[in-house]
Amino acid sequence: MYCTKCGTRNEDNARYCVSCGNSLAADAQSPPAAGGSGTDAFAWADPSGPVPNYLPHAILSTLLCCMPFGIVSIVFAAQVNSKVAAGDQQGARESSANAKKWAIISAVLGILPWGFFLLMFMGGMATSSFGP
């Protein structure tokens, strides 16, 4: 099955496009019957569009910052597209949020030592004498 929005090839039983998150089922865009309750009443609504997977952020934070936490971010980012393809929008959004959170944690923990080093270096430069 091909996505009508982006043209990406998807599994025949997929409910959402793995590339753009567009609904592949004709009835997924129609609102539920009246009387729906809880979160099911709004399951058809997707106000924020496709679910971002943050994979580039995860890879960069892994390579440039803090590898252990970056790997956790990559794992969550890799789950997003498969959950969208399976129709699990809530699970995809949770994985997306976790991928973003761990990429930020990785970046911050990777930048902190460099900031500390720069602070110590500048402090050392300010206290050292340049004359004989």
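A search of the whole structure finds 3 aromatic pairs; rings of Phe, Tyr and Trp (its six-membered ring) pair if their centres lie within 6.5 Å, and planes under 30 degrees apart count as stacked, over 60 as edge-to-face and the rest as tilted. The model is predicted, so that local features need pLDDT of at least 70 and side-chain atom pairs count only at pLDDT 80 or more, while totals for chains, interfaces and linings use all residues. Residues are numbered from 1 along each chain as its sequence is written, and side-chain values use heavy atoms, with hydrogens and water left out.

**Exercise 1.** Classify the pair formed by Phe69 and Trp102, and locate both residues.

*Solution.* 
- Step 1: The ring centres of Phe69 and Trp102 are 5.5 Å apart and the planes lie at 15°, so the pair is stacked.
- Step 2: Phe69 belongs to helix α2 (residues 67-85) and Trp102 to helix α3 (residues 89-127); at 33 residues apart, the two link distant parts of the chain. Helices (H or I, at least four residues) and strands (E, at least two) are DSSP runs, numbered from the N terminus.
- Step 3: Phe69 has a relative accessible area of 29% and is partly exposed; Trp102, at 22%, also counts as partly exposed. The scale takes buried as under 20% relative accessible area, exposed as over 50% and partly exposed as in between (1.4 Å probe, protein chains only).

**Exercise 2.** Describe the pair of Phe117 and Phe121 and the cluster that contains these residues.

*Solution.* 
- Step 1: Phe117 and Phe121 form a stacked aromatic pair, with 6.3 Å from centre to centre and 20° between the planes.
- Step 2: Both residues lie in helix α3, 4 residues apart, which is about one turn of the helix.
- Step 3: Phe117 counts as exposed at 51% relative accessibility, whereas Phe121 counts as partly exposed at 44%.
- Step 4: Together with Trp114, Phe117 and Phe121 form one aromatic cluster.

**Exercise 3.** Determine how α1 and α2 are arranged and which residues meet.

*Solution.* 
- Step 1: The axes of helix α1 (residues 55-64) and α2 come within 8 Å and cross at roughly 160°. Axes are lines fitted to C-alpha atoms, for helices over the stretch in contact, and angles run from 0 to 180 degrees between N-to-C directions.
- Step 2: α1 is therefore roughly antiparallel to α2 (angles under 35 degrees count as roughly parallel, over 145 as roughly antiparallel, 65 to 115 as roughly perpendicular and the rest as oblique).
- Step 3: In α1, Leu55, Ala58, Ile59, Ser61 and Thr62 meet Met67, Gly70, Ile71, Ser73, Ile74 and Ala77 of α2; contact means heavy atoms within 4.5 Å.

**Exercise 4.** State the surroundings of Lys83.

*Solution.* 
- Step 1: Lys83 has its place in helix α2 and is partly exposed, with a relative accessible area of 25%.
- Step 2: Apart from neighbours within four places in sequence, Lys83 is in contact with Asp88, Gly91, Ala92 and Ser95.
- Step 3: Val18 is 65 residues from Lys83 in sequence, and the C-alpha to C-alpha distance is 8.7 Å.

**Exercise 5.** Summarise the fold and the backbone at Tyr54.

*Solution.* 
- Step 1: The secondary structure comes to 3 helices and 0 strands, and the elements run α-α-α from the N terminus on.
- Step 2: Buried residues make up 25% of the 132 residues.
- Step 3: Tyr54 lies in the segment before α1, and the phi of Tyr54 is near 55°, a positive value in a residue other than glycine.
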